[in-house]
Amino acid sequence: MRKFLFNGAVIGAAFSAIGVINQTRTGPRDWRLALMWVSWGISVAVAVGSVIEESRERELLELED
């Protein structure tokens with residue numbers, strides 16, 4: 001769990017959620033808002049995927065040693 005919390009990509013995605021939430025509360029409800037949520041979801045998926053891939057590579061390197 002620690003590998004997710006201290007990863008820069010995951011932290012960036014978490015902070016970008018603040019902007020999306022504020023825009024949802026104050027801004028107009030149109031197609032751009034939906035695109036903001038979709039792009040935020042994609043960024044979270046990429047961040048989590050990169051952490052998983054990084055941990056798999058570390059495990060493979062540890063097994064080789």
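Mentor: Before we start, two residues touch, or are in contact, when they have heavy atoms within 4.5 Å. This is a predicted model: local features need pLDDT of at least 70 and side-chain atom pairs count only at pLDDT 80 or more, while totals for chains, interfaces and linings use all residues. Residues are numbered from 1 along each chain as its sequence is written, and side-chain values use heavy atoms, with hydrogens and water left out.

Trainee: Okay, let's pick one residue. Which residues does glutamine 23 touch, not counting those up to four places away in sequence?

Mentor: Glutamine 23 sits in helix α2 (helices are DSSP runs of H or I, at least four residues, numbered from the N terminus). Leaving out residues up to four places away in sequence, glutamine 23 touches Pro28, Leu33 and Met36.

Trainee: How far is glutamine 23 from methionine 36 in space, C-alpha to C-alpha?

Mentor: In sequence, glutamine 23 and methionine 36 are 13 residues apart. In space, their C-alpha atoms are separated by 9.0 Å.

Trainee: Is glutamine 23 buried, partly exposed or exposed?

Mentor: Buried means under 20% relative accessible area, exposed over 50%, and partly exposed in between (1.4 Å probe, protein chains only). Glutamine 23 has 31% relative accessibility, so it counts as partly exposed.

Trainee: And leucine 33, buried or exposed?

Mentor: Leucine 33 belongs to helix α3. Not counting residues up to four places away in sequence, leucine 33 touches Gln23, Thr24 and Pro28. Its relative accessible area is 9%, so leucine 33 is buried.

Trainee: Which residues of α3 are buried, then?

Mentor: Helix α3 runs over residues 31-64. What covers its buried residues includes α1 (2-5) and α2 (8-26). The buried residues themselves are Leu33, Ala47, Val51 and Ser55.

Trainee: How far does α3 reach from its first C-alpha to its last?

Mentor: Helix α3 has 34 residues.

Trainee: What about direction: are α2 and α3 roughly parallel or roughly antiparallel?

Mentor: Their axes come within 9 Å and cross at roughly 165° (axes are lines fitted to C-alpha atoms, for helices over the stretch in contact, with angles from 0 to 180 degrees between N-to-C directions). Angles under 35 degrees count as roughly parallel, over 145 as roughly antiparallel, 65 to 115 as roughly perpendicular and the rest as oblique. Therefore α2 and α3 are roughly antiparallel.

How values were computed:
Helix = DSSP H or I, 4+ residues; strand = E, 2+ residues; numbered from the N terminus. Expected span 1.5 Å × (residues − 1).
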